[in-house]
Amino acid sequence: MSNRPRTRTVLSCGLLLVPLAVSATACGGSSSEPLSAKPYDAADQISANTPDGKQKADPDKPLEVTVKGDEARITDVTATDASGRYISGELSADGRRWRTTVPLAAGTRYTVRVSTEDEDGAPGRKTLVVETTDADDRLSVKFGPDSGEYGVGQPVTAELSKPINDPKARAVVESALKVDSAPRVEGSWHWVDGKSLHFRPKDYWPAHATIAVHSNLDGLKITKKLYGGPAKPVRLTTGDRIEAITDAGSHQMTVLRNGEEVNTIPVTTGKPGYDTRNGVKVILGKESFVRMTSASIGASDFYDLPVYWATRVTWSGEYVHAAPWSVGSQGAANVSHGCTGMSTGNAEWFFNMVRVGDVVKVVNSDGESMTAFDNGFGDWNMPWKEWRDGSALKNKASTTTGAAEQQQGPADAARLRPQF
């Protein structure tokens, strides 16, 4: 047989991004063309730098497939992992060699489907199964909060098992942490520090939204010796949009549901020296009873009180709670040690109205502004541009993925036909 490949009309389509069998039909090949014949077993014509099923591949090295001799060429290659995701690769112009162009994942099984063509144009097929060695060092991720229903102010958190400080490594990690929402919103991750990330939309989450959080980091190469580990996905939903706006100047709290006022409550906030923090806070938890003492906040004047219907908004101990001892001042003066106090009946109503993740905003207080990260979820107090600047992917679109866009296809497949 001649070693010179034949020029065939079916190859006039050049570079194609669809499977080979479809390519031949799309280019007008008839049933008499060799490509329509049953493919022969090309095992004797194909070799790889990792023998099929005999040893595991080093994920630090590219996977390479070549043809033996001069009697065949590679025409099409697809490589997928166990989840059906494609790994990118490139085929040499002469069809002699294909290799991956992105790092392999550690501890992963790949199926590599190779199509060939002999000198007479007859199609061949060979499927390789390649497993990569596991990583010695893995980065695990824990998402928060736990799956459940939350208020529209609840940020998503990701806690890493070890710090990541290199900008390129951060970009790898962040790009693998996925937040899918319905409806779709504009949002972004922000690196709080080397081990913590928060995700929030530009504005609050929509009411009655669904938010799915997952990681594609498992097996992914992050640094020279560090690979991604597993992460348990979480699924969040939001309820009505509940906002409680406390005006420390007028001593009134206005509660809104989906933008409409549902209650106005007389309150008292922090007295001079204990002024309540201004800004947006997110409800962290609810306790029907809690004991509050002056020692917990370092107050100079002693108190030790049983407190009911306590809704926490900071880790340092700021609550919205029942304060029957200050009913005479509620709506008229600020006399608390920083909490927002109201009557027992109003506090019980508020406690039953709100959920974790709902928004409590304080305005017109003489206190400092709520910080973003060190005392609860003050994330919403950071301007959006500054929030986006905390992403390692500043130049990429900051949107969640809509449900219709979650299906994966062969966009990243390495499928090329060489020019003859």
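Author: Both Phe199 and Trp205 are buried, a word that stands for under 20% relative accessible area, with over 50% called exposed and the range in between partly exposed (1.4 Å probe, protein chains only). The model is predicted, so local features need pLDDT of at least 70 and side-chain atom pairs pLDDT 80 or more, while totals for chains, interfaces and linings use all residues. Residues are numbered from 1 along each chain as its sequence is written, and side-chain values use heavy atoms, without hydrogens and water.

Reader: What makes Trp309 and Phe351 an edge-to-face pair?

Author: Rings of Phe, Tyr and Trp (its six-membered ring) pair if their centres lie within 6.5 Å; planes under 30 degrees apart are stacked, over 60 edge-to-face, the rest tilted. Trp309 and Phe351 have 5.2 Å centre to centre and 65° between the planes, hence edge-to-face.

Reader: Why is the pair said to tie parts together?

Author: Trp309 belongs to strand S24 (residues 304–312) and Phe351 to helix H3 (residues 344–353), so the pair links parts 42 residues apart in sequence. Helices (H or I, at least four residues) and strands (E, at least two) are DSSP runs, numbered from the N terminus.

Reader: Why is Phe351 called buried?

Author: Its relative accessibility is 10%, which is below the limit for buried, so the word applies.

Reader: How do you know that the charged end of Lys286 sits over the ring of Phe351?

Author: The rule asks for NZ of Lys or CZ of Arg within 6 Å of the ring centre and within 35 degrees of the ring normal. For Lys286 the distance to the centre of the Phe351 ring is 4.7 Å, and the pair is listed as sitting over the ring.
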